[in-house]
Amino acid sequence: MTSSALGRDFRLLWSAAVSSRFGDALRTPALALLAATVTRDPRIIAAITVVGQLPPLLFGLLGGVYADRWDRRRTMALVDGVRATVVAALAVTVALGRISVAVLLVAAFLLATLGTLFDSASFALLPALVPPDALPRANGRLQAGAAVAGGFLGAPAAGVLFAVAPALPFAVDALTFAAAALLVLALAPVASAHSRPVLRRGSVWSEIVEGLRWLRAHRTLWRVTVLAAASNLAISGIMAVLVLYALDVLRVPPAGYGLFAAAAIVGGVAGALGASRLAARLGTVPALRAVLAVETVALAGFALARDPVSGGFALAVFAAGTVVWNSLCASYGQRHVPAGLLGRVGAAQRMVGLLTAPVGAALAGLAAAAYGTVPVAGAAAGTFALVTLAAWRTLRPAEPGVLSPTGAA
């Protein structure tokens, strides 16, 4: 998956990203299993999940500021080093039998907070490592590697390692963070220097506002961001009830749910590997419109499916489209946003997209409780149809000189 044409530095970044993703896939289910050994109160277990989702909303924009202020290569290495220390301390605490709800809440919150800075720096660093026309391919390879490491390797291994020793998945996760830090440090310094922005002179708040204003002024990128937020409303809704829909409507046997869910991973990998070809053939913006149309058809098929095979196939196609969309959106922003604003604009895009996710999940839960899961799937398909219609009416390639304060297009 790491083509040599993308160069040594990209291979190092890819390896670091895959290593971290594998560790994340071990830690996330292990935290849930560990929480269940401490308490059976569903409110507390849910709170551990929630505190891990808050930092991107609370600190995402701040992470973007410091990703633009600091050397991005060193920032990523430092963050992974700190995360390795945090998870190693958690592993020791678990091994000593000193775990508590407070420890789990603090660890989940701290790791997610550090992740906001890492994500901003990584997004902003990539354009310095590969040529602009290779960005769709590079982003696709990153997503494919993350999907394989997380879905096919990390997630299945988490339960096995936890059964051997509850501290083991956290110890392995600490090693993956340490490995990722070393891999990032091995990047050629010239790549980091090339992408290092000029020193900032304003306050943190003024720099946040600068990034938000730039995003809002770039018509195409802003429309892509709003469309992503609208689609995330539907995605989070369908994901919130996916297991119930699969078991009750598609008649997936409980023992086969893991295989059913793997369809999404397979589709995601296929989409990641094909994103660059689609962009090369159609152009990035036309490809984004086409992907939304495909996702709408796939989600409609999922809403109409009544058996595991057709439902799994529709889910795989939808997942493939989602990954293509994410890869091309990232590539478009990395090509059009000035280097000194990449951290802040990327963080602003992620925050806007994330704002709708909890709303979609909450609405889906309420609707499913009142009317069942079938209307939720139908509403998600309808939402995607509206998003697709809006994209085909309003989404156009950037026009030089009129879309942003810097004239970037």
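1. In what follows, a residue is called buried when its relative accessible area is under 20%, exposed when that area is over 50%, and partly exposed in between, with a 1.4 Å probe and protein chains only. By that criterion R27, at 11% relative accessibility, counts as buried. The model is a predicted one, in which local features need pLDDT of at least 70 and side-chain atom pairs count only at pLDDT 80 or more, whereas totals for chains, interfaces and linings use all residues. Residues are numbered from 1 along each chain as its sequence is written, and side-chain values use heavy atoms, with hydrogens and water left out.

2. The salt bridges come next, a salt bridge being a side-chain nitrogen of Lys or Arg within 4 Å of a carboxyl oxygen of Asp or Glu. The count under this rule is 8 salt bridges. One of them joins the side chains of R27 and D24, with an N to O distance of 3.0 Å. Both residues belong to helix α1 (residues 8-38), where, being 3 residues apart, they are separated by about one helical turn; helices here are DSSP runs of H or I with at least four residues, numbered from the N terminus.

3. A salt bridge also joins R69 and E207, whose side chains meet at 2.9 Å, N to O. Because R69 lies in helix α2 (residues 42-69) and E207 in helix α8 (residues 204-217), the pair ties together parts that are 138 residues apart in sequence. The two partners can be described separately in terms of accessibility: R69 is partly exposed at 23%, while E207 is buried at 2%.

4. Helix α8 takes part in a further contact of this kind, since E210 in helix α8 pairs with R344 in helix α14 (residues 342-355), and the pair therefore ties together parts that are 134 residues apart in sequence. The closest N and O atoms of this salt bridge, between R344 and E210, are 2.9 Å apart. R344 is buried, with a relative accessibility of 2%, and E210 is partly exposed, with a value of 35%. The pair should be read together with D68 and R72, as D68, R72, E210 and R344 are linked in a network of salt bridges.

5. Which residues touch the most other members of the largest nonpolar core? They are F260, F302 and W325, in a core of 55 residues, where a nonpolar core is a set of buried Ala, Val, Leu, Ile, Met, Phe, Trp, Tyr and Cys residues joined through side-chain atoms within 4.5 Å. Apart from this core lies another, of 27 residues, with L12, F118, L129 and V184 among them.

6. Once neighbours within four places in sequence are left aside, F260 is in contact with L242, A246, L250, V252, F302, P308, G311, G312 and L315, contact meaning heavy atoms within 4.5 Å.

7. Aromatic pairs are defined for rings of Phe, Tyr and Trp (its six-membered ring) whose centres lie within 6.5 Å, with planes under 30 degrees apart counted as stacked, over 60 as edge-to-face and the rest as tilted. A search of the whole structure finds 5 such pairs. One of these, F59 with F109, is edge-to-face, at 6.0 Å centre to centre and with 80 degrees between the planes. F59 lies in helix α2 and F109 in helix α4 (residues 101-125), so the pair ties together parts that are 50 residues apart in sequence. F59 is partly exposed at 28%, and F109 is partly exposed at 29%. Another aromatic pair, Y257 with F260, is tilted, at 6.1 Å centre to centre and with 35 degrees between the planes. Y257 and F260 both lie in helix α11 (residues 257-282), 3 residues apart, or about one turn of the helix. Y257 is partly exposed, at 22% relative accessibility.

8. Two further residues may be checked against the model. T284 lies in helix α12 (residues 284-304), where T284 is buried at 18% relative accessibility; leaving aside neighbours within four places in sequence, T284 is in contact with A279, L328 and Y332. G382 lies in helix α16 (residues 373-394) and is partly exposed at 32% relative accessibility. The C-alpha atoms of G382 and A146, which are 236 residues apart along the chain, are separated by 30 Å.

Terms used:
Helices (H or I, at least four residues) and strands (E, at least two) are DSSP runs, numbered from the N terminus.
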